[in-house]
Amino acid sequence: MTWDQMQELMWPATWETLGMVGIAGLATLLVGLPVGLLLVLTDKGGLLQNLPVSRVLGAVVNVGRSIPFVILIVAVIPFTKLVMGTSLGWQAASVPLAIGAIPFFARLVETSVREVDGGLVEALKSMGAGTGTIVRKTLLPEALPSLVASATTTVIALIGYSAMAGTVGGGGLGSLAITYGYLRFETAFMWVIVAEIVVIVTAIQLLGDFAARRLSHRGDYRSPLSFFRSATAKPDATEEDLLSSR
Amino acid sequence: MITTKGLTKVYRSQGREVRALDDVDLHVRQGEVFGVVGTSGAGKSTLIRCVNLLERPTSGTVTVDGVELTALSGSEQRAGRDLRAARQRIGMVFQHFNLLSSRTVQQNVELPLEITGLDRRERRRKAAELLDLVGLADKARSHPSQLSGGQKQRVGIARALAGDPKVLLSDEATSALDPETTRSILELLRELNQQLGLTVLLITHEMDVIKSVCDSAALMRGGKVVESGQLTDLLSDGHSRIARDLFPLGDFGTRDPERTVLEITFQGDAPAQPFVSQLARTYQIDINILGAAVETIAGRLVGRMRVELPGSHTDNVVPIGYLRQQGLQVDVLDPSNGAAA
């Protein structure tokens, strides 16, 4: 296989991967953020303490995180068809990707928001702020650097998931690596694709870390997920992310 | 200005009950600095947090500036509009400052004004004015992480004053600060109290804080207020625990029934009289000074002295009468337990 042939296959696959990760990522942020917030607010001692809601939400998130992703893709096919009209192609693959990533991100959001000092919430209360104001003026802005780090981790995990989605008709780089590299014994091509994924993951991690650092004014900010930075140095990092996220 | 009646707070956890506050009656007069002192776990923190209902008392009432807060509607989760409005009129400063790290100093001070819905220009003007008042005008654009502890607390105070409160609550505001910074923060509180007519309720575990800024004080132990009043009154009360703690004269040594130990408290002009030598000369007795301290409390010079006279109490009735005639507060210590008889 020549370099030209490889490139011809790689670029469309790259866009497919970025496309499905992009759509799924956006959906994950939009749904995961409120779910994560609700997990904190409805918990015992929370601003909107509501134990039934908290328990149901927690259970749903746990179940979502327990189902192996390969099975999840197949299990949600009817839903994917309902939303996208088909279960094939990268657009369709973004549906199970989002469903798989939302509980993961929601838990990270929960942890980030919980880290906000309870004294700040108390200070806001003493100023006469209501719950909405406390969330908008304190919880979210104070957790922002950590939320950005969580989003970075989630996007990277999504890239790992996307390789799996690729094997069941989703397209993208993962599918390419398996069909050409593994099944047709083009080992060199497989490693080229893996290298490309490493580059993408590293770029996203660096960008995320940079943003988190810029947003943090605490002066002592270290990404709580900084161990991923060393993990990205290994070629099979995306698979590892996926496993550790389970 | 602040009145609590029968304030009780009971925490229940795993079937056990803890009475953090037990029937607390407190009265803070307008324009005074009132200090609540006690060891940790005495219930001070719960008390101050009940005043603006950050903690909801189990029973009892809290009235601040004529508004009975405990009567306002709303549970802790959905604090009613009235309660939120009332809280805007009560400033609060915290031991750990509780400043938002994501905001600059200026933005931190503007925060309560954003909540009250003041427009942007007014907020800026007011915040600048307050930062000037606490002496931090040049730090407006800094972030809290760039400030020292004392500066952070000044920001905390500026923020607490943003809503033009009549009452300032201070929850161990100086406990995380070094002695010198503590002094400057207390001076600031005193200035604000005098300039703005601000009523201050502060809690502390340090007697020095009471000594340097308070007009009145209450002593808490085991969730109860065991003593409270104006410092000048407490000091002239020989039984006052607070007064005793303000003047730790130590153990008084002798337990000899043939000797009499007196505690003499003087305020205002009294120390100007050389009463010890007058007493010695007039009655031809040898006076042994066991301990003495002079302090400025609530702006007045106050002293306490422990002296020992030869002979039993009955032998010394006349000299004691003489001292009382001079306008001095004299307490005879009971040698058996060291308390004032």
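Which element gives the most to the lining of the largest pocket? In this predicted model, local features need pLDDT of at least 70 and side-chain atom pairs count only at pLDDT 80 or more, while totals for chains, interfaces and linings use all residues. Side-chain values use heavy atoms, without hydrogens and water, residues are numbered from 1 along each chain as its sequence is written, and chains are lettered from A in the order in which they are written.

The answer is α6(A), with 4 residues. A pocket is an open set of points on a 1 Å grid over the protein atoms alone, with protein on both sides within 12 Å along at least five of seven lines; a cavity is a set of points where a 1.4 Å probe fits but cannot get out, and lining residues have an atom within 4 Å of a point. Grid points are joined across faces, edges and corners, and a volume is the space filled by probe spheres set on the points. The largest pocket holds about 620 Å³ of space. Its lining comprises 23 residues, and Lys44(A), Gly45(A), Gly46(A), Leu47(A) and Lys125(A) lie nearest its centre. Two or more lining residues come from each of α1 (3-42), α5 (90-114) and α6 (118-126) of chain A. Helices (H or I, at least four residues) and strands (E, at least two) are DSSP runs, numbered from the N terminus. By class, the pocket lining divides into 8 nonpolar, 5 polar and 10 charged residues. Here Ala, Val, Leu, Ile, Met, Phe, Trp, Tyr, Cys and Pro count as nonpolar, Asp, Glu, Lys and Arg as charged, and the others, Gly among them, as polar.

Chain A has 11 helices and 0 strands. Of its 246 residues, 51% count as buried, where buried means under 20% relative accessible area, exposed over 50%, and partly exposed in between (1.4 Å probe, protein chains only). Val83(A), in helix α4 (residues 77-84) of chain A, counts as partly exposed because its relative accessibility is 46%. Together with Phe79(A), Leu82(A) and Met84(A), Val83(A) makes a nonpolar surface patch of about 400 Å². Patches are made of residues with over 30% relative accessible area and no salt bridge, like charges being joined within 9 Å and nonpolar side chains (Val, Leu, Ile, Met, Phe, Trp, Tyr) within 5 Å. A salt bridge is a side-chain nitrogen of Lys or Arg within 4 Å of a carboxyl oxygen of Asp or Glu. Accessible areas come from the Shrake-Rupley method with a 1.4 Å probe, and for residues only the protein chains shown count as cover.

The structure also holds 5 cavities of 30 Å³ or more. The largest cavity has a volume of about 130 Å³. Of its 15 lining residues, Met127(A), Ile90(B), Pro112(B), Arg159(B) and Ala160(B) are the closest to its centre. Two or more lining residues are given by α6 of chain A and by α2 (81-88), β6 (90-94), α3 (105-116) and α5 of chain B. The largest share, 4 residues, comes from β6(B). This lining divides into 7 nonpolar, 6 polar and 2 charged residues.

The second largest cavity contains about 50 Å³ of space. Its lining residues include Ser170(B), Glu172(B), Leu186(B) and Val209(B). Both α6 (179-196) and β8 (199-204) of chain B give two or more residues to this lining, and the largest share, 3 residues, comes from β8(B).

In chain B, Ala162(B) is found in the loop between α5 (149-161) and β7 (167-171). Ala162(B) counts as buried because its relative accessibility is 2%. The C-alpha atoms of Ala162(B) and Glu110(B) are separated by 7.4 Å, although these residues are 52 residues apart along the chain.
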